[in-house]
Amino acid sequence: MTAAKTSPSLAWHRMTLFADGAVEGRFHVAAHTDAHTDASTDAWADAWADAAPDCGYAHLSPAGLVLVIEPSLLSLGMHGGHSPDSTDSTDGHGGSAVPVPAAPAPAAPAPAATPPIDTPPLRMLASAVPSRWRPVARELVRFRNRFVSDAAAHVPLDLLDRDEQGRLLKTSSPIEMCRWPTSLSDSSRQRRVVESVDGIVRLQVDAHMQTFVVRYPALVDTPPLDADQQHPSSLTRRRQPLFTYTQMEQSHPVRHPPLWCRPALALLGLCDPMPAAAHAVQLPYTAVWIPQTQPALSHPSNAAFNPSHAAHADPSCPKPVSVVATRSGVFRVLRHHPTAAMEVQVLLHADPSVCLCTNDEFTFISLHTAPTASAATVAEHDDAAGETMVYKMFDPPPVAHHPQSGAVLPLHAVIRECLDIYYNTTKCETALWTPKSRAIADQHPLADAGTVVETVEVPGLGHFTAFGDGRVRVAFDDRVVLELDAKASGFTSSTPRQGLCTVIDRYGDEVVVRAERPVGFVK
């Protein structure tokens with residue numbers, strides 16, 4: 001397919017939704033944009049963008065109110081001699097690229113302007129973004145609103161494109177609840193669709209039966225009224241709409257749905273029904289509160305929000321992630337609670353009918369496809385009907401094909417990204433799980449971080465060293481170094497193998513894994 005050539009622009013390459021609700025976006029200079037690209041083009045673009053030095057970062061606060069542009073992204077916006085605080089107009093239709101105006105061609109190539117080292121980041125409200133950075137803010141806000149589940153969404157009016165603004169719903173009373181039906185028709189069950197009785201909410205399960213999309217009215221953050229509109233007459237006040245809503249679309253996993261979506265999934269047989277209250281009145285519907293989408297400007301995360309990509313990617317203590325979106329797919333971390341074992345669910349952009357999911361030990365990855373057409377009802381759409389295939393994560397086949405269409409799936413790239421997310425999450429918990437040497441020394445007078453308690457030399461295996469604070473270090477004969485913390489060795493925990501293990505391989509790369517699930521280092 002021939003790419004549509006445009007002027008140089010900033011295209012998003014990677015989006016990250018952190019566990020606290022903040023969003024980080026990575027943007028790079030793109031000479032052209034493609035409306036539709038195939039898998040090979042996406043793979044090439046990922047490899048090129050990873051190696052390209054011209055990348056910048058933008059951040060959105062956990063409440064979705066504050067936008068921060070790092071100096072690295074400001075330097076990309078200065079191509080053509082523009083200053084960081086200048087504004088450029090857009091076409092008003094939105095998009096996934098920030099226009100970078102081109103300057104007149106100089107007589108000789110000139111280096112791109114870069115901000116000084118001490119240039120502070122650019123901070124602004126997401127509801128009052130200059131037109132130059134509006135497409136960047138739009139991508140970050142849309143990504144956060146689509147995948148956030150524990151925090152309120154934020155929809156600024158200026159970040160809606162022209163089509164979305166034309167479909168706004170204005171009411172004089174707030175929309176706070178929806179009414180799920182108590183029974184479904186056969187056609188709705190076959191289509192895996194549940195609509196509320198009042199018609200304002202619609203839930204549809206994806207073809208692979210692992211995720212669902214729910215659409216509901218979300219309150220729009222509109223600018224304040226003018227001075228002449230703040231005190232209208234009583235007749236005008238009755239006719240004037242006070243609330244503006246847009247259609248919000250969110251994606252959630254079936255196994256970890258929001259509470260307000262559980263009654264609809266129970267009708268499809270995908271989750272257990274919620275227990276009814278004692279002496280409850282039997283009604284033909286189930287009323288639930290829909291998410292509210294109006295965060296306060298006084299949110300505590302706004303003033304303290306001072307992000308940077310370097311701090312988030314710090315190898316010693318990175319920031320835990322919840323959802324990662326690349327040009328090839330969306331990777332979502334699944335957990336029942338913060339201390340439970342994690343899984344990673346993957347949705348591919350090239351084939352929406354496919355969903356991959358790891359097990360909690362990260363030894364296998366399952367491929368789920370759409371159920372067969374012969375299944376008549378949702379109750380018959382079990383794993384056997386959906387062609388579930390299982391692969392070993394550390395011994396995958398050279399090429400993985402779709403079981404129905406035969407298309408090649410990027411299995412190796414998916415596994416690599418899943419392991420990176422696992423290692424990142426493990427390192428995030430290192431500071432929480434590793435005991436303090438001083439606290440241990442207070443409980444055990446002989447315990448000291450630098451004191452060697454015992455050493456053992458095992459011929460043909462390696463050298464074992466036990467320290468006073470409970471750590472155990474092993475220097476293997478193949479130059480691999482392994483160190484167990486005090487919890488993993490059983491020194492400070494009644495249940496051994498619940499701590500962390502640091503592994504330095506023969507090439508000098510350091511990896512931190514859980515002792516009970518040493519992914520990639522079982523042997």
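1. Buried means under 20% relative accessible area, exposed over 50%, and partly exposed in between, with a 1.4 Å probe and protein chains only. Glu457 is exposed, because its relative accessible area is 51%.

2. A word on the basis of this note. This is a predicted model, in which local features need pLDDT of at least 70 and side-chain atom pairs count only at pLDDT 80 or more, while totals for chains, interfaces and linings use all residues. Residues are numbered from 1 along each chain as its sequence is written, and side-chain values use heavy atoms, with hydrogens and water left out.

3. Next, the sheet. Helices (H or I, at least four residues) and strands (E, at least two) are DSSP runs, numbered from the N terminus. Two strands pair if DSSP finds at least two bridges between them. Six strands form an open sheet in the order β22-β23-β24-β25-β26-β27, and the pairing is antiparallel. At the edges sit β22 (452–458) and β27 (510–514), each pairing on one side only. From one strand to the next, the twist averages 15°.

4. Inside that sheet, β23 (residues 462–467) and β24 (residues 472–476) run antiparallel and are joined by five bridges. Phe464 has Val474 in β24 as its bridge partner.

5. Back to Glu457, which lies in strand β22. Leaving aside residues up to four places away in sequence, Glu457 touches Gly462 and His463; contact means heavy atoms within 4.5 Å. The side chains of Glu457 and His463 make a polar contact at 2.6 Å. That term covers a pair of N or O atoms within 3.5 Å; within protein, one must be able to donate a hydrogen and the other to accept it, and residues adjacent in sequence count only if both atoms are side-chain atoms.

6. Helix α10 (residues 411–428) lies across β26 (500–504) and β27, at about 80° to β27. Axes are lines fitted to C-alpha atoms, for helices over the stretch in contact, and angles run from 0 to 180 degrees between N-to-C directions. Of the 18 residues of α10, 14 are buried.

7. Because 11 of its 14 residues are buried, α3 is largely enclosed by the rest of the structure. Among them are Phe143 and Phe147.

8. Last, the cysteines. A disulfide is a pair of cysteine sulfur atoms within 2.5 Å, and the count is zero. Cys357 has its closest cysteine sulfur in Cys355, 6.4 Å away, so the two are too far apart for a bond.
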